[in-house]
Amino acid sequence: MLVSALLTSVGINTGLCCLFFTLYSVLRKQPINYEVYVPRLLAEGKSRRRSRFNLERLIPSPGWVKKAWQLTEDELLSMSGLDAVVFMRIIIFSLRVFGFAGIIGLFILLPVNTSGDQLTNVDFSDLSNNSLDVFTISNVNNGSSKLWVHFGAVYLVTAFVCYLLYYEYNYISSKRVAYFYASKPQPEQFTILVRSIPVSRGSSVSDSVDKFFREYHPSTYLSHVVVRRTNKLRNLINNANKLYRRIIHLQSDSDQTHRQCDCFGLFGRKVDLVDHYEKKLEDLEENLRLQQSDVSLATEEVRAAFVSFNSRYATATAFHMQQSINPTHWLTEEAPEPHDVYWPFFSSSFMKRWISKLVVIVSCILLTILFLIPVLVVQGLTNLSQLEVWFPFLKSVLTITVVSQVVTGYLPSLILQLFLKIVPPIMEFLSSIQGYISQSAIQKSACNKVLWFTIWNIFFATVFSGSVLYQVSIFLDPKNIPSKLAVSVPAQSSFFIAYVVTSGWTSTSSELFRIIPFICSLVKRPFVKTNPDDELEVPSMPFHQDIPRILFFSLLGITYFFLAPLILPFLLIYLCLAYIVFRNQFLNVYAPKYETGGKFWPIVHNSMIFSLVLMHAIAIGIFTLKKLSLASSLLIPLPILTLLFNEYCRKRFLPMFITYSAESLILKDREDRDDPSMSEFFDRLATAYQDPALMPIQYSTNSDSLNSPLISSSSRAEV
């Protein structure tokens, strides 16, 4: 029954993948879908809309696959930045790992597993109604010498993964340094964020910053921009933007420019809606200007400021040094890119920041507990007998072969995938209230949260099906963890194979097809008329959604490669699809909104180390259960060696992802010393970190006074 259900799941998802790929090849040629499938090309002016009918549009074409395949790493770097290169390196790394593990698993371990007779004799002529356990290590006889093949495979794959981890860490580190050397002067390279600024009575935050840095950094201090509370301003600006778009829409549709002024719209004089909304917009602009003037007062200052210096080395020195005797004052952070700053939230105090972190921790724990409910429901669906106990009235329906196969093989993974869709947005929101001051930091934090949430709630909650207290009690007794894993993990092999097919194949195909944006485009198009002069909004890559998914599949592949090698072909198919699809997305769909310089890779490295140690724990338990105690004893040094390797990589490479070396900074400063454009760059740097909400905004034609800046929120040597 398990194999039959799995084959049903594979068949459904294979059909969906083929359908999505065919539809994509056709729909990407249609004018109606250009905003969905190639928004980046439209924004860059590289694509033209075609209005005439053309039969060629209805014929699926593999041309997009060829273009995605031919995209070089240097082209990807110049188009989408180092973060996109790192993302593709994750997929390439996984392909190499599971290509190597697949050769061992499919051609060596799988025949060894099927040659055993530990389980009940299986009728291979009726394989679809038998369990997948015959392909797992469970079928190898206890104490059999064949288990030494699995022992050798564990050591061999561990060594190969560690070698690749070292190679990739070294490669991406060198890419990061080369990317820095090739970059032009950027504001974030010369700026730090200073928080918890002490202010004396009768003084402002701006005065305190200027006085402090003139006194202690007199030769390198350049300018500063004080952060202000602008939440009310942002609401007004959003309202003004909506009103402006409404006016543009009315001007493009002459049939809607007038309406009756009474409440029912049937009687009374007609009103010119364009004129009406323009007057409202003028009033809103005036209100906005008054609010901006109020925000410019010292009472609206947050005790935080962006402080700029005249060299990268001076910036790094100020960032790494404790600025005050009191370690809670004058706290320094690296400044993000100006357009990467998350302005809505700036913690005003050291204590508030820690309180928000505590709130996030509690929220994550509650979400984890609540998510166990759909996990338990999914586990019930995989067991027909349990499902019949829960819903006795479904007994007659569940006896139908097709229904039972869909319910047990496809539906559980699909339900779990649907519930997982809401996790990344929630984690992104929780990260945004933690006190991070950049979108990139929020996404990195959300990436970590989604990854470990997925590992706990999908892997461990599925493996150790039961109450929360039972799952916690397992980890409170570390000695029994290997034995518990050895019993529980192989039993869930069929579920996780179906999960890879359902979540992996379908998610990759839907990423290419962009189902949600496509549906939104179809729904909005009849009701919303877009102005051709409007700027097209190009989406950015949601790293916090896709990186955890790839890393979780990597965990499944590493832990199951010697237990149930049958999972490896499905993983390889997923990774091959992901390799082509995401290259196409970077080429045609996504454009970077920020650049972290490859800082997502340490998350990948730590996740792979965890996966290896988890595999070792499971292997130790398996060999103990299989009465091969010598193999269990010989495996004990393996996790220790893996952790020592991780510590070496942490010392060797991680500092390069935290900050650049003094050597790199000084060489780059010397290179720019004779550049005549640096003086112009420093002039722009003085206002680079001004809050966009404080910039003059003008929609109407009657507010000429709005052309001048409202305030001088930066002081360049008190400019």
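The protein chain has an accessible surface of about 33,800 Å², and carbon and sulfur atoms hold 61% of that area; areas come from the Shrake-Rupley method with a 1.4 Å probe, and for residues only the protein chains shown count as cover. The model is predicted, so local features need pLDDT of at least 70 and side-chain atom pairs count only at pLDDT 80 or more, while totals for chains, interfaces and linings use all residues. Residues are numbered from 1 along each chain as its sequence is written, and side-chain values use heavy atoms, with hydrogens and water left out.

**Fold and packing**
- The protein chain contains 28 helices and 7 strands, taken as DSSP runs (H or I of at least four residues for helices, E of at least two for strands) numbered from the N terminus.
- Of the 719 residues in the protein chain, 51% are buried, that is, under 20% relative accessible area with a 1.4 Å probe, protein chains only.
- Among contacts with a separation of 6 or more, 83% join residues 24 or more positions apart; a contact means heavy atoms within 4.5 Å.

**Nonpolar surface patch**
- L358, I361, V362, I365, L366 and I369 together form a nonpolar surface patch of about 550 Å² accessible area.
- L366 lies in helix 11, which covers residues 350-381.

**Cysteines**
- The structure holds 0 disulfides, a disulfide being a pair of cysteine sulfur atoms within 2.5 Å.
- The closest cysteine sulfur to that of C162 belongs to C649, at 7.9 Å, which is too far for a bond.
- C162 is buried at 12% relative accessible area, and C364 also counts as buried, at 16%.

Notes. Buried < 20%, exposed > 50% of the residue type's maximum accessible area, 1.4 Å probe, protein only. Patch = residues over 30% accessible without salt bridge, like charges linked within 9 Å, V, L, I, M, F, W, Y side chains within 5 Å. Salt bridge = Lys/Arg side-chain N within 4 Å of Asp/Glu carboxyl O.
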